[in-house]
Each structure stands twice: as structure tokens, then as C-alpha cells.
Amino acid sequence: MELSKTFDPKIAERWYECWVERGYFTADPKRPGPVFSIVIPPPNVTGQLHLGHALNVTLQDIIVRTRRMQGYNTLWVPGTDHAGIATQNVVEREIGKEGTNRHQMGREAFERRVWQWRETYGGRILNQLRRLGASCDWTRERFTLDEGLSRAVIEVFVRLHEQGLIYRERTLINWCPRCETALSDLEVSHKEADGHLYYIRYPLEDGSGAITVATTRPETMLGDTAVAVNPNDRRYQDLIGKNVHLPLIGRAIPIISDASVDSSFGTGAVKITPAHDFNDFAIGKAHGLEEIAVMDGRGRMNAASGPYAGMDREECRKAVLRDLQAQGLLDQVQPHRHALAVCSRCDTVLEPMLSTQWFVRIKSLADKAIAAVRDGRTTFHPKFWENTYFNWMENVHDWCISRQLWWGHRIPAYHCPQCGNTMVARRPPAACNRCASIHLRQEEDVLDTWFSSGLWPFSTLGWPDDTPDLRRYYPTSLLVTGFDIIFFWVARMMMLGLEFTGQVPFRDVYITPLVRDQFGKKMTKSRGNVVDPLEIMETYGTDAVRFTLAQLAVQGRDLILSNDRLAASRAFANKIWNAARFVMMNVEGAPQPIAPVATKKLGLAERWILSRLRNATAEITAAIDAYEFNAAAARLYHFIWHEFCDWYIELSKEPLRRGGEAQHAARFVLVHGFDQLLRLLHPFMPFISEELWQPLRSFIAERNLSAHLPVAGFPKAAQDDPLSEAESAAMAHCLEATETINSLRALVGVHPGQRVSAFLKPLSQAEAFAREFEGWKSYAEVMAKAEIAIVINEDPQLRRGKVPSTLSWGEVLIEPPAGFDVEKTRAALRKKLVESRGHLQKHQQRLANAEFLQKASADTRAEMEERTQELSGQVGLLEKQLGQLGETA
């Protein structure tokens, strides 16, 4: 079969559906072999593929494909998350365009509409993952709101409630007026903002004066129930216990003392609004203060705010300040920078609100999850993320799990309006278990999305039933996820997995790096630097995108993506394609399959490439096992590009031309080496590897050879090295001599097709070196296009007119072409050297600049260091070349 001259990624990507149809990705718990199981972090059903997904899925697919080829019973579960707030927001915007809203539609009609939306658009991102090559078991696709997972959610809620670990309480929570729901602490973002500090006078009830308080939120004063000072603040000792008139409202409120008040803030006196501030709420509980809420769920002022009812927060603030000014109660206003709590989804400023919510008591669950990481049952990669995990888990607060939404898992609690009883049950109860009323009302709230996601590793395998999948594939082997959801998701899966299965949900957690643009900037819509993976897959090919992501995935370091790196990976694919064309052209007419050749009958070059294959296989396998995907990709690249393509293909030309047994041996090693190379490559670049393996397959001598690469055996490093130490040294001399002769050819301007005369002068043991040289002379002469002679006893005339290069083991000299102008070449090299030294000096100065080192990110510093090393290498090479031409640089 003749391959086309160029590689077309789109043609190769057709293999995906073939693999799916043949069931290569479908797991069977009855299949023998060690188990490797993994669950995909379920993308939001609203989502579209972004670079974070592409990186995450690529790394998962690399290890899943590797384990499948290694004979593991492999399961990769795909699925999507119902994404409560995000999905509800999308559908609300859609129906808003139609002139209605969810309240007008009613709950049941709205839920039907969301399900319709999910049926139409919900599979979009999974189809995009297929385009990326994700080898998931699509027969086991799950959705966090499907029937099985819903049953698991109810079972977990009921059991936690029965154990006293779920409770309902009226307390202060984070509330988003835009989303109209409670949020857990983790769903709150904090940002610095410029605001003001307002100094307001509160008149004493006895008319003897006033006390001035400082606040950033004058609109909440309408719900004040006290003014507080520190008991040790001498300024206010005589005022403690007195009452003040609350400005604008007129309510009498007490002046209290509390040790938590910071005397240095403002005037040292603070207003206490227990229904709208977390610190005030705690002080209010300690002093038995009334809790007066002055806003509704949309952030509008309610009836308790008196004349300000109906205004939104910002409008009310302006009105309150205007009225305080008119009454002479606003002493001063100062600029003040302070932290704002905002919704992590919509960026709306949050409002602390009094509300009845459901909570999980987290301490006992967290303690078990901490112990599981400390004792090594679960390990983070990189390991430093364990400290982040511990810091949060050791200071964790109870988890608010109820959300005031309609899309999600409705809480399985039932309220009796007649007697006020609340029941938690797996199925709707027929009657109240206290008063026997049949008029029950199910809880309106739904569960936090992360509650159902926290069950993902075991609920997707059939829990609470004792299924074959659960017995075979749980605990899972690995979780690949981003650092930003260690708390949201990883920690909760650990807690719930241990609580309900008694085992950790996964053995290893690999935390992916953050993807940045080529300038090291975070990708954001506002910067306009977001890269669409589908677009770059269209431009460079899916394999090139996957390989680039793997190459750049250094543990613990952000990933800098650039078009240059993508183009380099595309060039790598083309290099492999051209190598395949060479292999196929040179096995044309050979028997199929090509009979294996015993190692001892192979030539030196053949044994050398098999030795390099052995080394590469061991190193690539070890790197994948350690989740060092970048190291595996780098070693694979080096073996394919340099050792196989640059060296062995050139080395094979001499025995291929010779014919006979030498030709047969070279053909066998070309086929065997390329077969193993494609198998090593397949987890990283599945499409091109399959496209090339198919025409090669008929030449491979292997019993029970698989029909396709996804289920072909992964290479194992040969037990014995086919090359002795002496032979390895000889081949190193061969390659170094060849490289040096070619370097000198380029330096002196020899035409590529012209042969040159070259001389090797060993530093010692010249006769032994001469015998070794005979073993590789023919290879070097073909690859360097040179007539090479060994110099044992140097003739004084030998050096005249020659250009030398010194190596660790000897010297290489070549005869330059007639008309070679030494001075002109020296002048060009000197100019390049001056330029390179100038660039190097600038980079070295920046790296020595303390201010730069302090401000620059770790990745920027790393890039600068890498570029400095490159420039240093360039300077060294130019100095060496000038030295070869007899000039000290």
C-alpha cells in the first residue's frame, strides 16, 4: 500500500467510530486482568469544550489507552453534570426572550423545559470529547440527574440525616440576589473594591449626646439592633448599657460591649446588624439580640425598612445617606478599600441573609478524609497539593447543601403544615408520622450540585446496589482534575466515598496545570486570548493538539500554549508520516509477514536501534506510571525524531542497498521498530498511529495480532540489551563523528550532494580504535557523504588546509572545497557572535535584577531561564566554530 505524500489529520480521525463500533472501549467486569478504572470529571451539561477540558481529557486518555494496551481490565466512565445554577440560568435567559419567566410557567412546566433543553444541547460537549479521541465506555454514560444517580443521592441524604449528620437550621448564609439562592462558602469569591467609610451619629436616648459609628454599608443600619464597643475602650465606658435612637427609624437600641470589636477601626464603635453581617450575627447570638432582616431574596428592601421598602440596595444606600445628611447625622465620609464577597458564577455582590437551610455536619467526615491522604491510601500528584487539601479540610465549616432553585435533586424532606413536623424519607410518605395528616408538602429546595457530584465515583458504578461494576472497578485508580475544584469536588468525593463505601474513591489524584497563552497570561474572555480547542484541532490536527498538551503538562507548573509549539507537533506528525513512507517503500515486495531475525544475526546498527527502543520503552513506561506526561512525550519525541528517523533510517540505507541477509535484517528491524514506535505513540497520537499501523500490520510477525491499535499490546522493554558496552561506545563514536563531519561540511559550505575527504585522529589506543572503526565506517561514510580515513601516525602535512573539530576521544578534520574563504566565514561568525552575546547579556541582567525576580511569575522566570540557556548554547557553538577556523573568540 502506497501512502499519500502528506498526512491529512481529517482522514485519520475517521478511525474513532470504528473503534467505538467494535467495542474496544467497552468494559466487562468478567474480563480477566488487573483493573484500571477512572471516572471523567463530568463537564457541565451547559458546557462547550475549552482548553482545560482538552488538557484534562487528553491526559486521562493517554493513561487509559496505555493501560488498555497493557492488558488491564479498563473502564473509563463518561457523563455530564446537571449544573443546577448554570443550567437554570441558561434556560431562564431563553424563556426570557419569549417574554416569560419560570414563576409564570410554574415549576413542573419549567422543569420539563430544562429537560427538553438538555435533550437538545446536553450531549454537545460529549460529542466534542469524542472528537478529541477520548476512549470512554460510551455504553456507561451517566448524568447526575439520571434515575440511578438520583436514587443514590436520596439514599445518601436519608442515611446522613438518620446519623444526625444532616440538619436544618435558620441561620445567616451567603445569598446571591441574582441567582436567588443560598451559596456555600466555596461558591463565594472575594475581590478588593474601592468604597467609602461612613461616620454616622446615633443620638443617645437620654439626650446627653451621641455616639458615632463607622460603617461601609449604611443601608443595613435599618436593621440594627445594637451598637457595640470593646469593653476595654475607655472612651465609651460610661455609655455601655445606655440606649440610642436608631437614626431614620427611631427604634431604641442598646450600647453593648463585646471583646470582638476592634477599637482601632473607625471610631471604635460599630453598628450591629445580626441579620446582614456574619460577625454581627455571632455577636447578636451571644447577647440575645433581635434579628431584623430588611431585604428580600432579590436584594430589595422589605417592609421592615420602613419608608425605603421596595428600593434596591444601591438605591436605598443613596436615599439613606441623603436623609442622614439632611438630619445632620452624617459626620464624614472617607475613601476606604475593602473586600467584597461576590457570587462565583455571576459576580453579583452577595448579601448575608437569614434563611432556613439544610447543612451537613462536616467534621467527622473530614477527619476520615484527612487520615486517608495522610496514611497514603490516596496520593496527590504533585504532592504539594496535599497541603492545600489539608489546610482546607482542617478548617472546614458545615456545608450548606440547599439551594433555592428548581433544577436539581429536590431534597427528600416532607413538611406537615398541620403540626409543623418534617420527615426525611426515601419515598413520599402517605401521611405525617406525628399527626397522621395526609396533606404533606415536599421541600421546595434542591441540593447543591456538588452533593450529587460528590457521589460520582461510586454512584456511576451502581451504588447503592451491589453491582458487578461496583465490585470490580471501585475504588477507582485515578482522578485527573483541576486545582480549582480540590475543595468543591475532590474533598467531598473523599468524604462521601469513605463514609458510604468504607474505601477511598481513588488511589491517585493528578492535578492538572493551568493553561496560559504564549505570553504567560491567564486565558479570559475579557483579555480576548481564549483559544478554542476545536479551532486549533481544525488547524493543526487533533493528534498535534494532544501531543502539545502532553509535552507541556509539567507537574506543578502552568502550561504555556503557543502556535509555535502546535506547529512543531504538526511537523512531528509529518515526520512520522514520512518515516512510514520510507519504511513501506523499503518493505515493498518483502514476504508478509517479515520473518524475525535472531539478535546475534543483526548488524550493529540494527542492534543499536533495538537497544535505544529498549531504553525508550522503559523510560516512557516509567514516566506514564509516574504521571509525568511531559517526560514521556519528550522521550517519545526524542526516540522517534532523532534516534529512529534521523539516525536509524539513515543507518538502514546501507544494509538495505546491500541486499541478502543484511537487507532482510534491516527490513525486519524497520518493521519491528516502527511497529513498537507506533504502539508507544498511540496513547498520545491515536489517529496517525492507527492510520500508519494498518498498512504496516501485514508485515508484523506476531501471533494473534490485534486488528487495531487500541487493543494491541503495549511494548515491554526487552530484558537483555542487544548491544554490549563496547558496541554502544562504538555507535556513540559513529554518530558523533558523523554529526561533526556534517557540522564541518555546513561550516565550510560543502554542497549537500558533494562527498568530502575526512580524517579521524584518536587521542589514544589508535590501533584499537582503528579496529572499532572498521565496524561502523560504512555507516558513517553513507551518512556523512564522506571518504573517511583513520590517522594513526600523523603526517606533518595532514593539517595543511584542513578544518578541524576536537572531540572528547579525538579529532575530526575535513578538506574544505576549493575557493573556501576563511576570512569571510570568520567575519560572518563574529557578527552573529556579537549579536548573540548582546541578547545573552540582556537576559542575564534581567535574571540578576531583584525587582524583576520579585514581580515576574514563576513561569515567566522559567521561560527567561530557558531562553538564557538557549542563547548560551548559541554563543558556545559560534565560539567553537570560530575556534575551528583558527580564531580565539
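About 30 Å³ of space lies in the second largest cavity of this predicted model. A cavity here is a set of points, on a 1 Å grid over the protein atoms alone, where a 1.4 Å probe fits but cannot get out, and its lining residues have an atom within 4 Å of a point. Grid points are joined across faces, edges and corners, and the volume is the space filled by probe spheres set on them. The model is predicted, with local features needing pLDDT of at least 70 and side-chain atom pairs counting only at pLDDT 80 or more, while totals for chains, interfaces and linings use all residues. Residues are numbered from 1 along each chain as its sequence is written, and side-chain values use heavy atoms, with hydrogens and water left out.

The lining of this second largest cavity is made of I609, L610, L613, F639, F644, V669 and G673. Helix 20 (604-625), helix 21 and helix 22 (660-681) each give two or more residues to that lining, and helix 20 gives the most, with 3. Helices are DSSP runs of H or I with at least four residues, strands are runs of E with at least two, and both are numbered from the N terminus. By class, the lining has 6 nonpolar residues, 1 polar and no charged.

The structure holds 2 cavities of 30 Å³ or more. The largest has a volume of about 70 Å³, and among its lining residues are G84, E187, R345, R403, W407 and D448. Helix 4 (84-96), strand 21 (446-447) and helix 13 (449-453) give two or more residues each to this lining. Its residues divide into 6 nonpolar, 2 polar and 4 charged.

Apart from neighbours within four places in sequence, L678 is in contact (heavy atoms within 4.5 Å) with I576, S689, L692, W693, L696 and L709.

S150 sits in helix 8 (residues 147-162). Its relative accessible area is 18%, so S150 is buried, a term that means under 20% with a 1.4 Å probe and protein chains only. With neighbours within four places in sequence left aside, S150 is in contact with L145 and H409.

Key: 1 Å grid on protein atoms, 1.4 Å probe; cavity = no way out; pocket = protein on both sides within 12 Å on 5 of 7 lines; lining within 4 Å. Nonpolar A, V, L, I, M, F, W, Y, C, P; charged D, E, K, R; others polar. Buried < 20%, exposed > 50% of the residue type's maximum accessible area, 1.4 Å probe, protein only.
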